[in-house]
Amino acid sequence: MSGEGKPLQLVLHMGPHKTATSYLQYNFHHSRAELLQKGWLYPVTGERVRTAHHDISDQRKNILDDGNRMALELRAIGEDARARGLNVLLSSEGFEHWRPRPLNRLKELVGLDEFHVVYAIRDPLDLLYAKWAQRTKTGNTESLPEYHAKHFADPLESSALNPMLQLTPTLKHTGARVTLLLYDEIVKQKFDIFSVFLERALGVTGIVPATQDARNQRFPIELTEFMRALAPLANPVADKTKIQFGSAIDHLLTEGFKQQVVDVIRSKAPESRRVLEVQRAGSGLISIEKLILREAGHLLFPQPPQAGRLFEKEQASWVHYDAEALRQNPDVRKLMDQALRRVGSGSTWL
């Protein structure tokens, strides 16, 4: 428990997506009892994903209303924490979209003494591709070149490429202490990010992470693109079921069938394969690196291994497939027709 008279903290983990957030949230939830013994409350609240606080992060407008259910619940969490001398930890990737007004409101509602934000910085050359693939799993049909063009049209104004769009207002207008975890360096040095988070953000050691692999499954690119090409044919599955299309693919198609999809696309549909080359130099990413280092470099852990540079990779080659070419390929279309019997709009399996 926190010592008497010691300031109590609200720590807000903002993510973002694709920086081991599911792994962290699973372990926060799994370690609730141990965290409680060390003075930290990780509240169980909401109905959607009880290992994280997505139901809170969805409420950034509603909590401005004093009578809102979530506003009342946040006050109750803070009152309970203060009564027991506990700090509070909240975690959701959705918090990365919050601006100073709702952040300050959250701080006010919980009502503890100090506000601390934790955010992971990941190389945009990897992050953008991972975010596009994750969006595809939710049923989005935007191609990788389209997604790339949208964000690289003005990298400094892209929330996917430039974390300072979120962090600069947070630093300037909330009074929060900020910890930035350099995701790529943590992975490179083979640190456990859960242990790093606890020590750097909470001042807690000695909690062993669960052995369960709680990361979001990453599909092979062939399965991702099969799913993207299939989505328009399966409509309106997502609207009718309120589930992610990727979840339908993952749970309703057998492992053998999914592997067959990968093998057939690789061997029978080479005409559909594309490669998008992305260079760091000349893309606008160097300017973002310099901005991060100038405004927040002192907050990074671990520190970058090379002075004046944040990331080591100079270019990326992103493999993707043309969706229409996949639909026109007879071998792939045969598999699509089979899949639609399970995940199409007329499927009884859903």
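**A walk through the predicted model**

Helix α10 spans residues 193–202, and seven of its ten residues are buried, so α10 is largely enclosed by the rest of the structure. The buried residues are Ile193, Phe194, Val196, Phe197, Leu198, Ala201 and Leu202. Glycine 203 follows α10. Its phi is positive, near 70 degrees. Keep in mind that this is a predicted model.

Phe245, Gly246, Ala248, Ile249, Asp250 and Leu252 are the buried ones.

Now step back to the whole protein. It holds 17 helices and eight strands. Of its 350 residues, 53% are buried. Its C-alpha atoms fill a box of roughly 70 × 50 × 40 Å along the principal axes. What radius of gyration does the protein have, and how does this fit a compact globule? The value is 22 Å. A compact globule of 350 residues would have one near 20 Å, so the two agree.

Next, look at how helices pack. Two packed helices are described by the angle between their axes and the distance between the axes. Start with helix α4, residues 69–83, and helix α5, residues 100–110. Their axes lie 7 Å apart, at an angle of about 50 degrees. An angle between 35 and 65 degrees is neither roughly parallel nor roughly perpendicular, so α4 is oblique to α5. On the α4 side, Ala71, Leu74, Arg75 and Gly78 make the contact. On the α5 side, Arg105, Leu106, Glu108, Leu109 and Val110 take part. By class, this contact has five nonpolar residues, one polar and three charged.

Helix α11, residues 221–234, and helix α14, residues 255–268, form another pair. Here the axes come within 8 Å and cross at roughly 95 degrees. Angles of 65 to 115 degrees count as roughly perpendicular, and α11 and α14 are therefore roughly perpendicular to each other. Helix α11 contributes Glu222, Leu223 and Phe226 to the contact. Helix α14 contributes Lys258, Val261, Val262, Ile265 and Arg266. The classes are five nonpolar, no polar and three charged residues.

Finally, zoom in on two single residues. Leucine 128 sits in helix α6, residues 124–137. Its relative accessible area is 0%, so leucine 128 is buried. Which residues does leucine 128 contact, leaving aside neighbours within four places in sequence? They are Tyr147, His148, His151, Phe152, Ala160, Leu161 and Trp318. Leucine 161 is 33 residues away from leucine 128 in sequence. In space, their C-alpha atoms are 7.0 Å apart.

Glutamate 289 belongs to helix α15, residues 285–296. Is glutamate 289 buried or exposed? Buried means under 20% relative accessible area. Glutamate 289 has 3% relative accessibility, so it counts as buried. Beyond its neighbours within four places in sequence, glutamate 289 is in contact with Arg280, Arg309, Leu310 and Phe311. With leucine 310, a polar atom of the glutamate 289 side chain lies 2.8 Å from the backbone nitrogen.

Methods:
Residues numbered from 1 in each chain as written. Predicted model: local features only at pLDDT ≥ 70, side-chain atom pairs only at ≥ 80, totals over all residues. Heavy atoms only, no water. Axes fitted to C-alpha atoms, helices over the stretch in contact; angles between N-to-C directions. Helix = DSSP H or I, 4+ residues; strand = E, 2+ residues; numbered from the N terminus. Parallel < 35°, antiparallel > 145°, perpendicular 65-115°, else oblique. Contact = heavy atoms within 4.5 Å. Nonpolar A, V, L, I, M, F, W, Y, C, P; charged D, E, K, R; others polar. Buried < 20%, exposed > 50% of the residue type's maximum accessible area, 1.4 Å probe, protein only. Polar contact = N/O pair within 3.5 Å; in protein donor to acceptor, adjacent residues only side chain to side chain. Rg over C-alpha atoms; globule rule 2.2 N^0.38 Å.
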